[in-house]
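This report describes one protein model for a reader who has not seen it before. Please look over the sequence and the structure before reading on.

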Amino acid sequence: MSSGGCLCGSVRYAFEGRPKFTGVCHCAHCQKQSGSAFSVNLGVSEAKLTVMGEVAEYQDTAESGATLFRRFCARCGSPLFSVSSSAPGLVYIKAGTLDDTSTVQPGMHVWTASKQAWVGIEADALQFQQQPSAG
Ligand SMILES: [Zn+2]
Ligand SMILES: [Zn+2]
């Protein structure tokens with residue numbers, strides 16, 4: 001069981017098992033939403049995630065064209081989860097909101113076409129210029 005929450009503690013979550021994947025997203029929308037250089041996302045089955053607290057939602061249109069529901073704490077604004085119309089049943093959890101980040105190990109980088117210039121990627125990392133096809 002892994003757990004996490006927002007900055008103010010109003011929203012808490014827990015999920016069973018290990019993430020299906022961990023990816024770094026360098027898309028321009030993730031940069032805007034996070035106020036940082038990228039998002040680190042854990043792909044978790046929605047059925048395994050329990051959320052407590054009030055989550056607000058912004059309906060975004062991702063650069064891939066998919067509808068992306070970006071969920072954040074209604075009080076402190078911490079980005080917590082995203083759900084994409086292109087990946088039903090999957091929730092992306094922002095890795096920085098985990099209570100314990102020691103096991104986070106990104107396996108791929110996506111949208112490297114919009115990566116900030118200073119960000120270095122390990123040469124052997126799996127990289128995609130845009131969104132890899134789901135499946
Ligand atoms: Zn909060
Ligand atoms: Zn992104």
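## Nonpolar cores

A nonpolar core is a set of buried Ala, Val, Leu, Ile, Met, Phe, Trp, Tyr and Cys residues joined through side-chain atoms within 4.5 Å. Buried means under 20% relative accessible area, exposed over 50%, and partly exposed in between, with a 1.4 Å probe and protein chains only. The model is predicted: local features need pLDDT of at least 70, side-chain atom pairs count only at pLDDT 80 or more, and totals for chains, interfaces and linings use all residues. Residues are numbered from 1 along each chain as its sequence is written, chains are lettered from A and ligands numbered from 1 in the order in which they are written, and side-chain values use heavy atoms, with hydrogens and water left out.

The largest nonpolar core has 15 residues. Those with the most contacts inside this core are Y13, F15, L42, L49, L80, F81 and I93. Two or more residues each come from strand 2, strand 4 (39-45), strand 8 and strand 9 (90-94), and strand 8 gives the largest share, three residues. Strands (E, at least two residues) and helices (H or I, at least four) are DSSP runs, numbered from the N terminus. L42 is in contact (heavy atoms within 4.5 Å) with F15, P19, F21, T22, V91, Y92, I93, A95 and L98, leaving aside its neighbours within four places in sequence. A second, separate core has six residues, among them C25, C27, C30 and W111.

## Aromatic pairs

Rings of Phe, Tyr and Trp (its six-membered ring) pair if their centres lie within 6.5 Å; planes under 30 degrees apart count as stacked, over 60 as edge-to-face and the rest as tilted. The structure holds two aromatic pairs. In one of them, the ring centres of Y13 and F81 are 5.3 Å apart and the planes lie at 75°, so the pair is edge-to-face. Y13 is in strand 2 and F81 in strand 8, 68 residues apart, and the pair links these distant parts of the chain. Both Y13 and F81 are buried.

Donors are N, O and S atoms within 2.8 Å of the metal (3.2 Å for Na, K and Ca); water is not among the atoms, so sites may look incomplete. Ideal angles at a metal are 109.5 degrees for four tetrahedral donors.

C6 lies in the loop between strand 1 (2-5) and strand 2 (12-15), and C73 in strand 7 (residues 67-73), so the pair ties together parts that are 67 residues apart in sequence. Both C6 and C73 are buried. S78, in the loop between strand 7 and strand 8 (79-84), touches C6, L7, R71, F72 and C73, not counting residues up to four places away in sequence. S78 is buried, with a relative accessible area of 13%.

The protein donors of the zinc ion (ligand 2) are the SG atoms of C25, C27 and C30, lying 2.1 to 2.3 Å from it. These donor residues are spaced C-x1-C-x2-C in sequence. C27 is buried at a relative accessible area of 7%, and C30 is buried at 4%.

V110 is in contact with C25 and C27, and also with V24, H26, F128, Q130 and P132, leaving aside its neighbours within four places in sequence. V110 lies in strand 10 (residues 108-110) and counts as buried at 9% relative accessibility. The C-alpha atoms of V110 and G23 are separated by 7.2 Å, although the two residues are 87 residues apart along the chain.

## The sheet

Two strands pair if DSSP finds at least two bridges between them. Eight strands form an open sheet in the order 6-7-8-9-4-3-10-11, with mixed pairing. Strand 6 (55-61) and strand 11 (126-127) stand at the edges, each with a single partner strand, so one side of each is left without a neighbour in the sheet.

Strand 3 (residues 21-25) pairs with strand 4 in the antiparallel sense over five bridges, and C25 has S39 in strand 4 as its bridge partner. Strand 6 and strand 7 run antiparallel and are joined by seven bridges; the bridge partner of A56 in strand 7 is F72. The hairpin of strand 6 and strand 7 has five residues between the strands, and G65 there takes a positive phi near 100°.
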